[in-house]
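Let's take a walk through this structure together. Please have the sequence at hand as you read.

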Amino acid sequence: MSIWLGLRRYWQRHRQLNQSWRAHRYIALDLETSGLDPKTDQVLAMGWVTIRPPVIDHRSAHYFVTQVNPELKQSPVVHGMVQRDFEAAEAPQMALAQLARELQGAVLICHHVQFDWQFLQRFAKQYQVKLQPLAKFDTLTFEAQRLHQQQHHIARGSLTLKACRQRFHLPDYAAHHAFSDAVACGELFLAQAYQYAGSDDAPLKELLK
Amino acid sequence: MQPDFAELNRFLLDCPPFDQLSQEQRQWAAGQIKAAYLNEHNVDELFRAHSPALYIVRSGGFDLLTPDGALIERLESHDLFGFPSLLTGRGVVNKLEVIEDGIVYILSADVFDQLRQHSRAFEHYFIRAHEQRLLSQQGQRAAPANAYGDSLQRLVSEVVTRTPIGLASTATIQEAAQCMRDEKISSVLVVDDERLVGILTDRDLRNRVVAQGLDYGIHVNAVMTQAPATIRGQQTLLDALTLMTQENIHHLPVLDEQDRPMGMLTNTDLMRQQKSEPVMLISALNKAQSRQALVDEAQHIPDYMHSFALRMNDAAAVGRLLASLTDTMTRKLIDFYEREHGVAPAAYVWLAFGSQGREDQTLSSDQDNGLLLANDLNEQQLAWFAGLGDYVCEGLADCGVPKCPGNIMASNPDCRRTRAGWLERFTSWTESPTPKALMYCQIFFDSRNVQGNKRLYQAYREDVARLGQSEFFLGNLARLQANVQVPLGLFNRFRGTESGKDSDLVDIKRHGLALINDIVRLYSLHAGLTEPRTLARLHLLEASKLLNRKDNQALAEAWQFLTQLRLQHQLAVWGTEQPKNALDPDDLSTLSRRQLKSAFRILKDCQQGVSLKFGRTG
């Protein structure tokens, strides 16, 4: 990449981050994995949905099962996925390519984004797909900071997606599934963002601090 | 690949009318929905950008306001709004104010129209909701009638099949007897110009002709029962059973829609419905040969009624049936008393008041009764009736109908009066009403003759009706009922009616059914009606200028809905210590909750109407 191209990209990004957070597009995403280690464990399924604040549009909902023959470790317990689900698996390449297109210029949102991002990057690399979101937003980190600023003691279990949602009076979702968790995470993001920056047109970079 | 939207599907299944859609339709709708996080910063913009649309509240709280800021309704989870504009095509004028941030689902006009086109149930729901007629949708029926229903839900016309056998009123008694012999029937219709004028039975021939030594050549109209009780072909066998039990008759002429005789229904026809609990119960009660036998039989009533009610889809029928069971037991007890103490020494009427009088009894209803006595009784005769009152009230209590805590019972000397005595009592209530007296006296206006002299009762009832028309009295009643709180608080939310740990509960009897009864009673007192049953009163009030048709129908629907809801609740808490008439709205299904709100809103409106119409006078 030439220096000029790099500079231009940097400048573009800088400009975008200065625009109102509400003008941006967000992708709320959740992965199902066979374990906790991105180096050894696999991505089994991914679900995501597009958000243009304050709307989550179900027509942009995606759910892909990405492994035909997964090594199931504890995942069936966590996500309730069984062998049958994997028979409908689609080529990961296609799913990743679609995700890459949608992430272009958008902000990726996850609950514990570092975890999902490490898995995603390795997974994408495997299929020569490049994922380049404009930025990443972590609903978990945001919540930890928020509680910390309010001088709350952060008790064990108080940062789970469920616990965070309860503090914003969002409904309890029973299902644990990559798609419903992606929606749950997206809703939490909207609640956090509007509470933090609803009244003024804060630039996106404020939200990402 | 599209996700399965399992979470949203589950929510929609609990959110009528989406539960009426097919699996595929609901799945499709879920994929078309937009979810918005609604808060004060984006509410106006969002509403502008997406309307007209159907909005479904998933979480949070929002107030729907008219353009000038008056509150229409507070919206909470599972509430729908925005559809009136979709249905009428008129612009959106109402505003939304955020009380608590939350998620609202948006269904665009296109998607809404598609669903309407493909699901009648979906379309009907919104049309009814728009017309504020949600209560006409009785979706909560306990069980399908035809599959498992009681055979007593069959129509009278299905059972009465042979062509009616009738005679002119100028036929002779002998001709009538020959006709009954030839046709092998125990009763015959007396019909002039296709109109039923009377009925003649085996028993009439024995009691009124042979025993009296009458000439067989005289006309049947001299000995027939004139203007007998009748039933229509479109009513159910249960209606017939109730009527026959209450009137204490065994033959019931059946009329068609044009009042032409269709045939005769006899108690034998009913007894053929062997498997039906009510028939077995009533015949078992009637067969009891002693007080103890009657009490023993009566112990089965709760269990029988429980299984019967589970199969009934007309909750009001259960109340009517219980009233006729109480009537039957009362008559049997009077009969036993007469066997021990000789027949009644004078004309009298056993009066049923309150829920037995209105025929909306439940298993927890207590006794409300009294005696209407002939004038100028001596000490001995009075003692006979005092004994009767004690005997019957004790007997009923042993049969499971609890004694009245307010002592409105024939065992109380105050409730055994001559016609003049009762009138004096009513006059004291109508002319100098204390709130407590007013509350009690309403019970007395809902009366029925269970046993005794019909003419005496009729004269008494007409006197009472005249007293009830006093404007001063009606004004006081109107003010009394205006004090009853409808359990809808500000913003149309449910408000608990109880205190202490039950503060979330809503008493649908005291603050619902009883209030409707009170409102309807006011109108019927004003109109001078002598009918005690609430639905029948409303029917008679259809021509009233004071109560318009729409309110009349709304009150009837609200009454039926609340009766159904109360029955379901009572079946659910059967045998537990939980309150019989108070329930937690949060435990109801979404549709029932919306309907309950709708019923209370009707009550609130009608309550205000009553205050305006009657409350100013006096």
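The paragraphs below go from a surface patch to a strand pair and then to salt bridges.

A word on conventions: this is a predicted model, in which local features need pLDDT of at least 70 and side-chain atom pairs count only at pLDDT 80 or more, while totals for chains, interfaces and linings use all residues. Residues are numbered from 1 along each chain as its sequence is written, chains are lettered from A and ligands numbered from 1 in the order in which they are written, and side-chain values use heavy atoms, with hydrogens and water left out.

Let's begin on chain A. Here A:I3, A:W4, A:L7, A:Y10 and A:W11 make up a nonpolar surface patch with about 720 Å² of accessible area together. Such patches are made of residues with over 30% relative accessible area and no salt bridge; like charges are joined within 9 Å, and nonpolar side chains (Val, Leu, Ile, Met, Phe, Trp, Tyr) within 5 Å. Areas come from the Shrake-Rupley method with a 1.4 Å probe, and for residues only the protein chains shown count as cover. A:Y10 sits in helix 1 (residues 3–18) of chain A; helices (H or I, at least four residues) and strands (E, at least two) are DSSP runs, numbered from the N terminus. With a relative accessible area of 57%, A:Y10 is exposed, where exposed means over 50%, buried under 20%, and partly exposed in between (1.4 Å probe, protein chains only).

Now over to chain B. Strand 13 (residues 251–255) of chain B pairs with strand 14 of chain B in the antiparallel sense over five bridges; two strands pair if DSSP finds at least two bridges between them. One bridge joins B:P253 to B:M264 in strand 14 of chain B. Five of the six residues in strand 14 (residues 261–266) of chain B are buried.

Finally, the charges. A salt bridge is a side-chain nitrogen of Lys or Arg within 4 Å of a carboxyl oxygen of Asp or Glu, and the structure holds 32 of them over all chains. In one, B:D398 meets B:R291, with the closest N and O atoms 2.8 Å apart. B:D398 belongs to helix 18 (residues 379–398) of chain B and B:R291 to helix 14 (residues 291–298) of chain B, so the pair ties together parts that are 107 residues apart in sequence. B:D398 is partly exposed at 37% relative accessibility. B:E359 and B:R448 form another salt bridge (3.6 Å, N to O); B:E359 is buried at 5%, and B:R448 is buried at 10%.
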